[in-house]
Amino acid sequence: MLIQGLRVLWPCVVLVWLSLLTGAERVSAAEVSFSRDIQPVLARNCFACHGPDEGERQAELRLDLRESAVSSGAIVPGAPDQSELIRRVFSTDPEVQMPPPRAHAVVTDAQQELLRQWIAEGANYEPHWAFVPPQRPIPPPLNDPELQRRTRNAIDRFVWSRLAGEGLRPAPEADRYTLIRRLSLDLIGLPPTPEEADAFVRDEDPLAYERLVDRLLHSPHYGERWARPWLDLARYADSNGYEKDRPRSIWPYRDWVITALNADMPYDQFSIEQLAGDMLPGATLAQRIATGFHRNTMLNEEGGIDPLEYRFYAMVDRVATTGTVWLGLTTGCAQCHSHKYDPISQTDYYRLMALLNNADEPDLILPDPDIAAQREELEGQIARLEEALPDAFPPLAGEGTLTERRRQALEEAFAAWSAAQQAHLVPWTTLRPFEMTTNLPRLEVLEDGSIFSTGDITKRDVFTLRFRLEGLPAPLTALRLEALPDDRLPARGPGRCYYEGRQGDFFLSEVTAEVDGERVTFAGASHSYGKISIGSGTADAVNVIDGEGSTGWSTAGREGEPHELVLNLKQPLPAAGVLTVELLFERHFAASLGRFRLSAAFTPEARASELPADVQALLLSPSEEWSPMARERVQREFLRRTPLLAKAREPIEQLRRSLPAFPTTLVFTERPPDNRRPTHRHHRGEYLSPREEVEPGVPAFLLAFTQEPPRDRLAFARWLVSRENPLAARVAVNQAWRAFFGRGLVETAGDFGTQAGPPSHPELLDWLACEFMDRGWSLKELHRLIVTSGTYRLSSSGTPEQRTRDPDNRLLARGPRHRLEAEILRDALLAASGLLSSKIGGPSVFPPQPASVTALAYGNETWKTSTGEDRYRRSLYTYSKRTAPFAAYAVFDAPSGESCTARRDRSNTPLQALTLLNDAMFLEFAQALAAQVVRETAAAPAEQQTTLRATNIFRRLLTRPPTDTELDALVTFQQRQRERLERGALNPELVAGQTGAAADLAAWVMTARAVMNLDETVVKP
Amino acid sequence: MSRFDSPWRQTRLGPTGRDLCPLPDEAALIRQTRRHFLADCRIGLGRMALASLLASSPLAARGAGGTSGSPFQPRAGHFPPRARRVIYLFMAGAPSQLDLFDYKPKLTELEGKPIPPSVIQGQRYAFIQPNAAVLGPRFRFARHGECGAELSEVLPHLARVVDHLAIIRSVHTDQFNHAPAQLMVNTGSGIPGRPSMGAWLSYGLGSEADDLPSFVVLKSGGNLSGGAAMWSAGFLPSVHQGVPFRGQGDPILHVSHPPGYDDQAQRDTLDLIGRLNRERLALVQDPEIETRIRAYEMAFRMQTRAPELMDFSQETRWTLDLYGAQPGNPEAAFANNCLLARRLAERGVRFIQVYHADWDHHSQVEQGVRTQCQKTDRAAAALISDLHQRGLLDDTLVVWGGEFGRTPMVEASAALGRSLGRDHHPQAFTMWMAGGGVKPGVTVGATDELGFHPIERPVHVHDLQATILHLLGIDHRRLTFRQGGLDFRLTGVEEHHPVHEVLA
């Protein structure tokens, strides 16, 4: 292997940083570094035509590979003057010159000299640092005794030795109020209460800080706080996206993330379960729920789309997201052409896609025990009520006891009903096909002779089934098609519709049949139930034999139940030859059947029956022969249907409607080996231009340290978080670093490729990556390591000199200080107001927002504002609608869940000011906060109340006590507003949001609102 | 020096003349400047280059409001602009070009007959089967104005301003479903998540409005398929996202004082916030605090100015009638929005997106088109003549169009209860432009006799976007942004060009 055993030269990168910060020009007499000096020049000026992209490659020359560069004569190691590259780069002849003049690219004199020197020194290539597994660097020593004393862990040695080299010193440690606020916001996403802060400030234990860290890491809110950035990566949302943007149920995946993080599930396992939990041996329910990660892609439900086209786009998204999260690589370019800079060919890209492309995408029903218990209870009630139905039967008139007359009436009616049913019921013989072909879905015959469909479906599915008629007992007179429910189907089937129409719906357009090439003619058709979804057309059985594809049979509204359709033949078919039945499913959305069965009858009176199959079977034998149990079963069915009991059944129907549904979630299920989904290379990345099929696999350049290249999704997942992948740990620690410090050690959080900037602290990055893996991929340990460093504990107030030298704090001489993320901001204000609910998990909720936000979205769904506790849940439980994101979060840069977000913006805008000042949701917090503070201090001596209240409001929002000036400003403001409220210039009831509110309370509301808008309130200090 | 011509950029043109180096994300610019400086040192540009780069960077002094150094600071493009702002009348749902602009008598002749298989082979449709019958134009057409452009009888008002228009009858797109096609027109891609045209322009040119967003979104009619992704900033700094305005009441979310507060209370509050923030700034020295102080001041200015913006009583009766505007009447929402668009244009808003939905006539296309024309024709024409009278048309670009066209074939479906409609037709549709830099009175492009395919001067949606950018002084190939390893631009990766035939 070319790059095996090579070491990346970190000191060079450090040297570059030295030069940047001191402004000193690098001395060119020093040795030339490929990564630092040459690779960027070649990449910028040459690779577009002489790089990895074979489509654009000129003259068969690759300069990104030493072998090609040397064998072509472009580079003659040690002999720059014989190297064509040097001749061309130095040439002024427009015909010879490289890059050619039309490229408008300039290789400067200095760069030219560096190229010459590099070739003279042997033209050594080095692998890109990020493509070589991290080796644990030794933390550098600190010579300064004061720094030695302040060092808390190895992180500080990396950061401060670097600072010392720059002639900078770390800021002093932050005060304790700042520390507990910073730590709480970072670890659990909530501010400390003033009491918690005071306890910490007074705590004299030398390990007080570490104990605080421990407490917060064990808080159940830790998982809620850290789920949010992961959900950004997972592009989590509660709606499908695109036009209709209907709700989806995938919150169990969100809860899985919270639970896994709280349990400190090792990151490798955490990753494997999300990518391929379904493929783990004996996969648990939780492991299957975890595969929701890649089900967070959008689903276009617009009528008329090609569903497979949007499935392709979802796959593109899955490849990109996997690349960003576990590889730190931007693979997107290679969708359309080979990557220009990183060695990912277009085929490599589709091979990556193939690794992820072999899953079906069902809904998983979760057998929630609470719901099961509720259902059992209700079903018991229903059964008891049904048992009592005979007692409600209208009695016959005449003599005898009421009971007797009732019994007689029931028996007579039941006997009449049974006879009427029996007249149309005929025995059916299941037909088992010997051959099944389709346009795309895969059909499989189950034990009961029913046929189950898997694989991909389209807007026009055709099932062709072939049956041998030999051996049938008599000439065939009718065909029955049963549409059957199945737990594996959307909404339990019987159809496979999963977008646009109702979940589990189907639409059978036409049924045609022939025997040995001879068309079979139908005389009539009947169905047990027919209703269409989307549209005003009929859904009658006859539609399937009318020769018109746009009409058909459908059973919308009764998903999860069996239905049947019977076709009577004009002429009986003799029991010989081969019967071919073709089912056509054609609509503006994909809606073929998921489970169905065909049977044959041999008497002309066959009709479709609404009765369940078991009752039909019983009715076929004479009623005298029924066992008591059989009789009971048939009678129960009669009682459920007879119009005579319609009124009496109402409470039963009501109970049935109130049966709580089991929650569902979206998962991956790997396809069986005999039904693999092929993956093709798509010319120019276009869905409509598939080319040759590709084998699943990882790009070769990442496999330098791999024994056994992964060939399926599970192996791929395992490889991604193995030590053989040089990137996963680096990317993960970089994300964590970014969460704490506001920027990653690698600035481009999702891109570690050759075009990304070098890390600010390369050795620290690698040390953390190694430490992370050595500590069993424990995220909590990683977080503990970071927050217990001295670097994290520094004050964020910088001296003017520091600010000038390093305005962005890349060198980390100061502690982090940045605006809170949207959700943490709201949560912090909710917590301060005393309203915050501590409930964890469950379906998403709808806190208040202006009606105009959702009015812009498609459809008539209104935002049904939650009441009670759900109004005040943590923000990660807010229903996330992709086409109408929650306004107060969007304005603070929260993503919409449309694509993987490794890095949020952190803007600072007037619209944010308007939101925090005027949004009714935030005003409600201010009102609650003031009311609570006023209530709590009601018993305090009058002369202390004002100070107490101002201090309390301030501390709930900012943690630290106010200075005298601040206190004074608040009190003055409150008094002035109270005075205006008292004299009627302002309305206290409106301001305080409650009738009968006093001017004093209203003035405190105004004060709380002002403090909520302070810069310090909205930042992590 | 503008962000378009820093020396740094000139060194980074790709071999094909395509700009390999994107305009950097401006937030990232400052963050990464040191890295570039490092690179530039080695290539000999030295510290002077850095200094000038910083000076030209919109974030050299960070800020939020319309103040100097903010991301909205007005910036020059690649060449002198012909238009300074855009009012884009987006007819969502896709109006039938065959019943409005692209007259095809041949369809009348063939009505009821299946369309020739050779024409339709290999095309994908949303709802209809490819053997559907031909449906003739539903209205009479006549020539209008000096230019003699052919318009349907349901556009009587547009007919009066037709000499201002450049009509393009050969627009085509890649997408045949609403959401992706609307996204395609707005963001250059069918997949949600890319920056919209308004965001690109705000990012590229900044804002000329002191107290209004640079990119405003107005909407009337029913559902918008593309949703918020259509005015998203995508991966551009989020400050450039479109701000939805309402046509009545508070134009911007939360721009009114909360119940019970008056101007004085709000002013007192901001004074308190400002005072405490300044104290904090003195202590912590974080320039973000300074930005926040300015953001709050600008918020207050927006609150002060918003009522004036929405005060249609400043308009004469004559103007209101010209548009058919009726403040407060939702039935006149499009007209009200057109008038509001003019007022926003006057106040320097860069990109005003006016959506009107309800053009999706899968059934009864005749009645549908007639109804929507009644709602929109007068106001769209009024916008042109009003801007013209006020001298604003010279530097305001007005664009009208949907996301695709409609089929020459009839759509009918028993299942859906549809008849006499038209399905989606991405192959050809009509749009028009007027104002800033547009050649008036021309008709560009033509379709075949069935109105099926362009046969003359096909104009891809990306060409149209390139044209709009061109009119605003931007070379669409050079307004790029590096994201996920790719240099994204509005107009995608293929070769596209401004439509020179419509340039004055």
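The structure is a predicted model, in which local features need pLDDT of at least 70, side-chain atom pairs count only at pLDDT 80 or more, and totals for chains, interfaces and linings use all residues. Residues are numbered from 1 along each chain as its sequence is written, while chains are lettered from A and ligands numbered from 1 in the order in which they are written.

**Confidence and overall make-up**

The predictor's confidence in each residue is given as pLDDT, from 0 to 100. For chain A the average pLDDT is 91, and 96% of the residues score at least 70. Residues 1-29 of chain A stay under 50, and the model has 39 contacts beyond four places in sequence for them. Where pLDDT is low, the predicted coordinates should not be read in detail.

Helices (H or I, at least four residues) and strands (E, at least two) are DSSP runs, numbered from the N terminus. A residue is buried if 20 or more other C-beta atoms lie within 10 Å of its own, exposed if 12 or fewer, and partly exposed in between, with C-beta atoms placed from the backbone. Two residues are in contact if their C-beta atoms, placed from the backbone, lie within 7 Å.

The C-alpha trace of chain A spans about 110 × 90 × 50 Å along its principal axes.

**Contact between the chains**

Chain A contributes 108 residues to the contact and chain B contributes 88 residues. On the side of chain A that touches chain B, helix H31 (residues 910-918) gives the most, with eight residues. That side of chain A divides into 41 nonpolar, 41 polar and 26 charged residues. Here Ala, Val, Leu, Ile, Met, Phe, Trp, Tyr, Cys and Pro count as nonpolar, Asp, Glu, Lys and Arg as charged, and the others, Gly among them, as polar.

**Nonpolar cores**

A nonpolar core is a set of buried Ala, Val, Leu, Ile, Met, Phe, Trp, Tyr and Cys residues joined through C-beta atoms within 7 Å. The largest has 390 residues, and A:Ala930, B:Cys338 and B:Ile352 have the most contacts inside it. Helix H36 (residues 999-1012) of chain A gives the most to this core, with 11 residues. Beyond its neighbours within four places in sequence, A:Ala930 is in contact with A:Ile953, A:Leu1001, A:Trp1004, A:Val1005 and A:Ala1008.

**Strands of chain A**

Two strands pair if DSSP finds at least two bridges between them. Five strands of chain A form an open sheet in the order S4-S7-S13-S9-S10, with antiparallel pairing. Its edge strands, S4 (435-438) and S10 (518-519), each pair on one side only. Within chain A, strands S9 (residues 510-515) and S13 (residues 578-586) pair in the antiparallel sense over six bridges, and A:Val511 has A:Leu583 as its bridge partner in S13(A).

S5(A) and S6(A) form a hairpin with five residues between them, and A:Gly449 in the turn has a positive phi of about 85°.

**A buried helix in chain B**

Helix H7 (residues 178-187) of chain B is mostly covered, with 10 of its 10 residues buried. The covering elements include helix H8 (197-205) and helix H14 (461-471) of chain B. Just after H7(B), B:Gly188 takes a positive phi of about 80°.
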